[in-house]
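Here is a short briefing on a single chain. Please keep the sequence and the structure in view while reading.

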Amino acid sequence: MEHNNYLTDQQINIIHKIPLFRGLNEDAKRTLLDKLDYTVTEMSKGEIIIRQNTPCLHMYILLKGNLEVNIIDVSGNNVKVENLIGPRAFATPHLFDGNSIFPATFTVVEDGILFKATKESAFKLISSEPELLKNFLRLTGNCNACTVSRLRILSYKSIRSRFIYYLFEHKQSDTLSVMEHNQTQLAEYLSVTRPALANEIKRMADEGLLKVDGRNVELLSISSLLKYV
């Protein structure tokens, strides 16, 4: 990885537009980078930029590129969580939490550019700008909810358990769940193959556990489903 402290006008504009810095007044935008102790890094495909269980010491912004996020689950399996595509900030919840440890490994799958600011300078900046603090808290809340749900799903070994947990997370009523993903997207989200997921859903329907109508899933036996989660 090649490091420097130079940002193009286009990259500065990208930083100003990401949700973390959105809504700042012009004065705040002009002084934003002056308040951060940062580096800009060119990343190459195949590089590991963050390893699971290492401390979070920086605020990260992926200006360009694609990162694959993987975890080692309780069984020692390497499980893909998601792909991060720039531009976007990431790992924001881990910046100031009590643990400050990355729960996953981040690997470059498409050449890109990474912006890193030290935790100390990021803290001073965020605490000095009310609008920025509001953005940070909102993003942290959203990311935490998403991350906890996804990691919880991946902690289950069986396709059935992962799917049932997903359905409970998307319940609209006591007996109705509405899936936000189509079956191809859902298979990727659950880190399983599409045919395996389709077969499992059919088996569950044949067993009288649920009834699928498009993205609506009627939960026919809550007590039986709960046994798997």
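The points below run from the whole chain to local details.

This is a predicted model. The chain has 8 helices and 10 strands. Of its 229 residues, 44% are buried.

**Overall build**
- Along the principal axes, the C-alpha atoms fill a box of roughly 60 × 35 × 30 Å.
- The accessible surface of the chain is about 12200 Å². Carbon and sulfur atoms account for 50% of that surface.
- Among contacts in the chain with a separation of 6 or more, 70% are between residues 24 or more positions apart.

**Packing of α5 and α7**
- Helix α5 covers residues 159-169, and helix α7 covers residues 194-206.
- The two helices pack at an angle of about 75°, and their axes lie 10 Å apart.
- Angles of 65 to 115 degrees count as roughly perpendicular, so α5 and α7 are roughly perpendicular to each other.
- On the α5 side, the contact is made by Ile159, Arg160, Phe163 and Ile164.
- On the α7 side, Ala196, Leu197, Glu200, Ile201, Arg203 and Met204 take part.

**Backbone details in loops**
- Gly86 and Pro87 are joined by a cis peptide bond, with omega about 5°.
- Pro87 sits in the loop between β5 (78-85) and β6 (88-90).
- Ala91 is not a glycine, yet its phi is positive, at about 60°.
- The loop between β6 and β7 (105-118) holds Ala91.
- Buried means under 20% relative accessible area, so Ala91, at 14%, counts as buried.
- Ser191 is another residue other than glycine with a positive phi, near 60°.
- Ser191 lies in the loop between α6 (183-189) and α7.
- The relative accessibility of Ser191 is 29%, so this residue counts as partly exposed.

- Which residues make the nonpolar surface patch of about 240 Å²? Leu226, Tyr228 and Val229 make it.
- Val229 belongs to the segment after α8 (222-226).
- Val229 has a relative accessible area of 32% and is partly exposed.

Notes. Residues numbered from 1 in each chain as written. Predicted model: local features only at pLDDT ≥ 70, side-chain atom pairs only at ≥ 80, totals over all residues. Heavy atoms only, no water. Patch = residues over 30% accessible without salt bridge, like charges linked within 9 Å, V, L, I, M, F, W, Y side chains within 5 Å. Areas by Shrake-Rupley, 256 points an atom, 1.4 Å probe, with all protein chains shown as cover. Salt bridge = Lys/Arg side-chain N within 4 Å of Asp/Glu carboxyl O. Helix = DSSP H or I, 4+ residues; strand = E, 2+ residues; numbered from the N terminus. Buried < 20%, exposed > 50% of the residue type's maximum accessible area, 1.4 Å probe, protein only. Axes fitted to C-alpha atoms, helices over the stretch in contact; angles between N-to-C directions. Parallel < 35°, antiparallel > 145°, perpendicular 65-115°, else oblique. Contact = heavy atoms within 4.5 Å.
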